[in-house]
Amino acid sequence: MLKSLIILAACSLLSGDAALKLPSYIKACSYNDPNFNQCALKHGKEAIPKLLNGDRKYGFPPLDPMYVEEVMVKESGITIKAINFTIEGARDVDLKHISVDFDKQTISFDLNVPQAIFRGKYEMAGKLVQLPISGNGDFNCTYEDLYVNYKTEYKLVRRKDGEIYAKPTDYDLDFKPQNLIINFNNLFNGNKLLGDAMNKFLNENWRLVLDEIGKPAYKALGLIVHQIVTNVAKKVPFKELFLDTPAIPGNVEDEFDV
């Protein structure tokens with residue numbers, strides 16, 4: 001269901017095996033700091049302006065706007081494909097919280113985006129909120145006062161360079177907007193009367209729309225975030241991500257074929 005979400009990020013996984021240090025604009029916190037999460041939040045906020053521009057060396061695509069080739073959602077009798085779209089609004093993000101649990105091997109962060117704008121092409125057919133809907137053309141969806149939570153689990157692996165790396169595994173992404181403005185052009189083969197009526201209905205009932213297709217859509221979008229996190233973790237050893245790391249920071253699996 002997911003296809004080539006970020007070409008730059010995917011290609012970066014194939015480029016180079018040499019371990020890297022964190023980029024200079026991201027400051028590491030001590031593994032032993034009792035206030036680790038507060039330290040990570042402070043440094044995360046400081047790094048955001050630099051991250052927005054992207055960093056090919058570490059597999060960061062430009063984040064505002066972010067280009068996505070394709071996301072497809074199949075759920076509850078409807079298929080929606082978003083194609084060649086951009087996401088704007090990250091430059092106004094407010095990073096609210098970062099949590100790293102070294103015992104449970106989880107990383108999570110919460111952020112708020114005042115306005116996240118998705119623009120691009122779409123194809124859609126099926127039933128949405130129990131109503132038949134079909135169309136293809138331009139779309140624009142604006143999330144207002146958007147809360148985002150991302151969480152991933154990781155395991156520790158030793159690679160052929162002898163270094164230990166964090167390897168992100170399962171992940172989850174949740175969106176909670178205060179409002180959603182939806183517009184799909186060219187619904188029902190360009191029938192303006194039906195298209196305007198459907199867009200009006202979707203905007204008046206946006207919570208029902210998200211209840212129906214939100215989770216699979218968030219999972220697809222979460223893969224974008226997860227890929228970026230994975231790129232960094234693949235390139236930067238665990239001891240460089242976190243200062244004062246124990247020599248063996250937990251159970252470590254050998255993964256010499258990577």
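Tutor: Of the 258 residues of the protein chain, 47% count as buried. Buried means under 20% relative accessible area, exposed over 50%, and partly exposed in between, with a 1.4 Å probe and protein chains only. This is a predicted model: local features need pLDDT of at least 70, side-chain atom pairs count only at pLDDT 80 or more, and totals for chains, interfaces and linings use all residues. Residues are numbered from 1 along each chain as its sequence is written, and side-chain values use heavy atoms, with hydrogens and water left out.

Student: How many helices and strands in the protein chain?

Tutor: Five helices and ten strands. These are DSSP runs, numbered from the N terminus: helices are H or I with at least four residues, strands are E with at least two.

Student: What does the radius of gyration say about the protein chain?

Tutor: The radius of gyration is 20 Å, close to the 18 Å that the globule rule gives for 258 residues, so the chain is as compact as a globular protein of that length. The radius is taken over C-alpha atoms, and the rule is 2.2 Å times the number of residues to the power 0.38. Along its principal axes, the C-alpha trace spans about 65 × 35 × 30 Å.

Student: And what share of the contacts comes from residues 24 or more positions apart?

Tutor: 71%, among contacts in the protein chain with a separation of 6 or more. Contact means heavy atoms within 4.5 Å.

Student: Switching to holes. How many cavities of 30 Å³ or more does a search of the whole structure find?

Tutor: Two. The grid is 1 Å over the protein atoms alone; a cavity is a set of points where a 1.4 Å probe fits but cannot get out, while a pocket is an open set with protein on both sides within 12 Å along at least five of seven lines. Lining residues have an atom within 4 Å of a point. The second largest cavity holds about 420 Å³ of space. Volume here is the space filled by probe spheres set on the points, which are joined across faces, edges and corners.

Student: Which residues are the closest to the centre of that second largest cavity?

Tutor: Ile80, Cys141, Tyr143, Ile213 and Ala217, out of 23 lining residues. H4 gives the most to this lining, with seven residues. By class, the lining has 21 nonpolar, one polar and one charged. Ala, Val, Leu, Ile, Met, Phe, Trp, Tyr, Cys and Pro count as nonpolar, Asp, Glu, Lys and Arg as charged, and the others, Gly among them, as polar.

Student: What's the volume of the second largest pocket?

Tutor: About 160 Å³. Strand S7 (164–176) and helix H4 (206–235) are the elements that give two or more residues to its lining. H4 gives the most, with seven. The lining divides into five nonpolar, one polar and five charged.

Student: Tyr165 next. Buried or exposed?

Tutor: Buried, with a relative accessible area of 2%. Tyr165 is in strand S7. Beyond four places in sequence, Tyr165 touches residues including Ala19, Leu156, Val236 and Phe238. Tyr165 and Glu253 are 88 residues apart in sequence and 9.9 Å apart in space, C-alpha to C-alpha.

Student: Last one: where is Asn199 found?

Tutor: In helix H3 (residues 192–204). Asn199 is buried, at 8% relative accessible area. Not counting residues up to four places away in sequence, Asn199 touches Ile182, Asn183, Phe184 and Leu187.
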